[in-house]
Amino acid sequence: MGALSVVKINRELLSLRDIVLRQKAVPVPVQDEYYLTLCRKLALEMFDVMYASDGAGLAAPQVGISLRLVTVHPSSIKFGPAVLINPVIEFMSDEKEEGDEGCLSLPALMGTVQRAKEVQIKAYNLQGELKEYHAHGWLARIFQHEIDHLDGILYADRVTSEDKLIDTSPGSRRRALEAMRKLT
Ligand code: ZN
């Protein structure tokens, strides 16, 4: 295992603003080759953490680093492994859909969140090149969930109602595990 581990928070402590998960992460100076080299090392470690946790995506604040960098590699979709640096959502469809989400930073919870069905984002890669990505459905949801992390927003803030954020009892644990496997 590498030096990084997932920063977690209890449901009761979600209102705390003094933790890295709640901070607005800092943009990566992508023109700086030194920084890009560091980002390559960081991304490799993050992929390790992400794969070990069976996650589809991971944002740098989730490993305690307040930088605008996300790793994405869902097992259920043909996309990635990709590193998104300073990602920006350029377009979000008005059409929304509900879906279940979990997060490695909020253990034993899951919730129903309404997200845009389709997004267009732009982000730098590890070579410092600006790329565009168009996504719908599950991948669009992953992008929105991970980019939220860079602004200190957790999916629990977006659950459609409080009772839709549920503690995963042993009975529903399997369903929750499946959700968390899909999205971290
Ligand atoms: Zn998450």
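How many of the 11 residues of strand β5 are buried? Of these residues (106–116), 8 are buried, so β5 is largely enclosed by the rest of the structure; buried here means under 20% relative accessible area, exposed means over 50%, and partly exposed falls in between, with a 1.4 Å probe and protein chains only.

A quick note before the views. This is a predicted model, where local features need pLDDT of at least 70, side-chain atom pairs count only at pLDDT 80 or more, and totals for chains, interfaces and linings use all residues. Residues are numbered from 1 along each chain as its sequence is written, and side-chain values use heavy atoms, with hydrogens and water left out.

**View 1. Strand β5 and its partners.** Strand β4 (residues 96–103) pairs with β5 in the antiparallel sense over 7 bridges, and the two make a hairpin with 2 residues between them. Look for D100 opposite T112 in β5. β5 also pairs with strand β8 (residues 165–167), again antiparallel, over 3 bridges; here M110 sits opposite I166 in β8. As for terms, two strands pair if DSSP finds at least two bridges between them. Helices (H or I, at least four residues) and strands (E, at least two) are DSSP runs, numbered from the N terminus.

View 2. Five strands line up in the order β1-β2-β3-β6-β7, with antiparallel pairing. β1 (57–59) and β7 (130–136) are at the edges with a single partner strand each, so one side of each has no neighbour in the sheet. From one strand to the next, the twist averages 40°. At the β1 end, 3 bridges join β1 to the antiparallel strand β2 (residues 69–72), and G57 stands opposite V72 in β2. Helix α1 (residues 33–52) lies across β1, β2 and β3 (82–92), running at about 45° to β2. Helix α2 (residues 138–150) packs on the sheet too, touching β1, β2, β3, β6 (118–124) and β7, and its direction makes about 125° with that of β7. Axes are lines fitted to C-alpha atoms, for helices over the stretch in contact, and angles run from 0 to 180 degrees between N-to-C directions; contact means heavy atoms within 4.5 Å.

**View 3. The zinc ion.** Its protein donors are C103 (SG), H145 (NE2) and H149 (NE2), sitting 2.1 to 2.3 Å away. Donors are N, O and S atoms within 2.8 Å of the metal (3.2 Å for Na, K and Ca), and with water not among the atoms, sites may look incomplete. Along the sequence, the donor residues are spaced C-x41-H-x3-H. H145 and H149 are 4 residues apart in helix α2, so about one helical turn separates them. Both H145 and H149 are buried.

**View 4. An aromatic cluster around F79.** F79, Y133 and F143 form one aromatic cluster, and the structure holds 4 aromatic pairs. F79 and Y133 pair edge-to-face, at 5.8 Å centre to centre with 80° between the planes. F79 is in the loop between β2 and β3 while Y133 is in strand β7, so this pair ties together parts that are 54 residues apart in sequence. Y133 is buried, with a relative accessible area of 17%, and F79 counts as buried at 16%. F79 and F143 are also edge-to-face, at 5.6 Å centre to centre with 80° between the planes. Rings of Phe, Tyr and Trp (its six-membered ring) pair if their centres lie within 6.5 Å; planes under 30 degrees apart count as stacked, over 60 as edge-to-face and the rest as tilted.

**View 5. The nonpolar cores.** The largest one has 21 residues, and those with the most contacts inside it are L42, M46, L58, L69, V83 and I85. A nonpolar core is a set of buried Ala, Val, Leu, Ile, Met, Phe, Trp, Tyr and Cys residues joined through side-chain atoms within 4.5 Å. α1 and β3 are the elements that give two or more residues to this core, and α1 supplies the largest share, 8 residues. Not counting residues up to four places away in sequence, M46 touches L4, L58, A59, A60, V63, L69 and T71. Another core lies apart from this one, with 20 residues, among them A25, F79, F143 and I147.
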